[in-house]
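Please view the sequence and the model together while reading the points below.

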Amino acid sequence: MNPIIFYIDVNSAYLSWTAIRLLAQGESVDIRTIPSAIGGDISKRRGVILAKSIPAKAFQVTTGEPITDALKKCPHLHIVQPDHSYYQQCSHQMLDLLSQYSPDIHPYSIDECFMTYVSFPEDGGSPVTGAHIIRKHIRDSLGFTVNIGISTNRLLAKMASDFTKPDRVHTLFPEEIPQKMWPLPVRDLFMVGKSSARTLELLGIKTIGDLAHTDPAILTSHLKSHGQTIWEYANGLEYTPIDAKRHTSKGIGNSTTLSSDVTERAAALKVLLSLSESVSSRLRRAGQLAGMVSVEIKFHNFHTVSHQTLLRTPSQSTDTIYSYACRLFDELWDGTPIRLLGIRTSKLSGQDTVQMNLFEPETSQKLRKLDKALDDIRRKYGKDAVVRGSFLK
């Protein structure tokens, strides 16, 4: 008998978590009840909408659009900057609560996870009843709401969670597919992006049901192996686990739009150092080594240039990433005022597969120990617990 899978998805996670903290700090207005959004810093000319309230949605504010565009639609939009370390804490709180109900929990992202259903006394052996109990427990104990999708595989459980929101429980068992899933627009199917949806609609495939009843050979002729995968998903089949179909990062990078155009090399290098710290920290958290580093510069006239180089030895060291970034920057920059700087690493490999460089083993070992010590301190006491002297004003 197939296990029953729950897919738990926090409703408007960043907005909900921020609202909870603001209310706890004494704010009188719940930002979930007014036109509001979580996004970057408008005063520094950067940022997109990461999450929006239902009242903001009424003004056609959309997730992913630039804050400047959102403010044109809704001039009184209340914008709060994100706090990702705090969001991680909220995510861990939810996972800790869920562990009371099942030993088999698999995080999918910061605000989503899969859980194998295990019956408990209060639910009477009913997965739907159990899901409602868990949903209410999260709402009453943690202050935010979730949707829970229920099925016999991860794909269908995830699809079910996207039905009516917020604070709902939905089932999507195989026998319910024709009624609940096939009438939906094809772009609502997991792994059908904008490009794939356009291709399918040109073929006359408008609903998930249309896709499910299309000859897979037609799909593969237009979408290659992806066509076969989405045909399987349209039929509720998960031969390829959806975790394996997630976007696997081919690189890790970061960029920043500067609050004012940079015209001095020293100022640009300080930005590159900050970006190197961010990128290398993410490499270490992911257990990855970078084999290539690239630097991007966008000038004040919006002209963009970039350059990349292979590392002598794959690395996740801040100092190493920074050293290569500086070299690339000096090769690229011609003195034109800079609006944006970015660093990206690629050709990633697992950190357990590193081949030692005989010419610099002692230096590399010291850098790894230093980075680990800094990571441990920042993880325990916050990202600002240790700051480089060059960043102090």
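At what angle do the axes of helix 1 and helix 4 cross, and within what distance do they come? They cross at roughly 95° and come within 10 Å, where axes are lines fitted to C-alpha atoms, for helices over the stretch in contact, and angles run from 0 to 180 degrees between N-to-C directions. The model is a predicted one, in which local features need pLDDT of at least 70 and side-chain atom pairs count only at pLDDT 80 or more, while totals for chains, interfaces and linings use all residues. Residues are numbered from 1 along each chain as its sequence is written, and side-chain values use heavy atoms, with hydrogens and water left out.

**Overall composition**

- The chain has 14 helices and 13 strands; helices (H or I, at least four residues) and strands (E, at least two) are DSSP runs, numbered from the N terminus.
- Of the 393 residues in the chain, 44% are buried; buried means under 20% relative accessible area, exposed over 50%, and partly exposed in between, with a 1.4 Å probe and protein chains only.
- Among contacts in the chain with a separation of 6 or more, 60% join residues 24 or more positions apart; a contact means heavy atoms within 4.5 Å.

**Helix 1 and helix 4**

- Helix 1 and helix 4 are roughly perpendicular to each other, a term for angles of 65 to 115 degrees; angles under 35 count as roughly parallel, over 145 as roughly antiparallel, and the rest as oblique.
- Helix 1 contributes Y14, W17, T18, I20 and R21 to the contact, and helix 4 contributes H84, Y86, Y87, C90 and S91.
- By class, this contact has six nonpolar, three polar and one charged residues; Ala, Val, Leu, Ile, Met, Phe, Trp, Tyr, Cys and Pro count as nonpolar, Asp, Glu, Lys and Arg as charged, and the others, Gly among them, as polar.
- S16 also lies in helix 1 and counts as buried at 4% relative accessibility.
- Leaving aside residues up to four places away in sequence, S16 touches N11, R32 and F144.

- Five strands form an open sheet with mixed pairing, in the order 5-6-1-7-8; two strands pair if DSSP finds at least two bridges between them.
- Strand 5 (105-109) and strand 8 (169-171) stand at the edges with a single partner strand each, so one side of each has no neighbour in the sheet.
- On average, neighbouring strands of this sheet are turned by 20° against each other, direction ignored.
- Strand 1 (residues 5-10) is mostly covered, with six of its six residues buried.
- The buried residues of strand 1 are I5, Y7 and D9 on one side and F6, I8 and V10 on the other.
- Strand 1 pairs in the antiparallel sense with strand 7 (residues 146-151) over six bridges, and D9 stands opposite N147 in strand 7.
- Strand 1 also pairs in the antiparallel sense with strand 6 (residues 112-116) over five bridges, and Y7 stands opposite F114 in strand 6.
- Helix 6 lies across strands 1, 5, 6, 7 and 8 and runs at about 145° to strand 7.

**Nonpolar cores**

- The largest nonpolar core has 38 residues, of which F6, I8, W17, M94, L98, I138 and I148 touch the most other members; such a core is a set of buried Ala, Val, Leu, Ile, Met, Phe, Trp, Tyr and Cys residues joined through side-chain atoms within 4.5 Å.
- Two or more residues of this core come from each of strand 1, helix 1 (13-24), helix 4 (84-98), strand 6, helix 5 (127-142) and strand 7.
- Helix 4 gives the largest share of this core, seven residues.
- Another core, of 30 residues, lies apart from it and includes F114, A160, I208 and L223.

**Helix 11**

- Eight of the 10 residues of helix 11 (residues 225-234) are buried, so helix 11 is largely enclosed by the rest of the structure.
- The buried residues of helix 11 are H226, G227, T229, I230, W231, E232, Y233 and A234.
- Their cover includes helix 6 (154-161), helix 7 (177-180), helix 8 (194-202), helix 9 (208-212) and helix 10 (216-223).
- Just after helix 11, G236 takes a positive phi of about 75°.

**Strand 9**

- L258 is found in strand 9 (residues 251-262) and is buried, with a relative accessible area of 8%.
- L258 and V271 are 13 residues apart in sequence and 8.9 Å apart in space, C-alpha to C-alpha.
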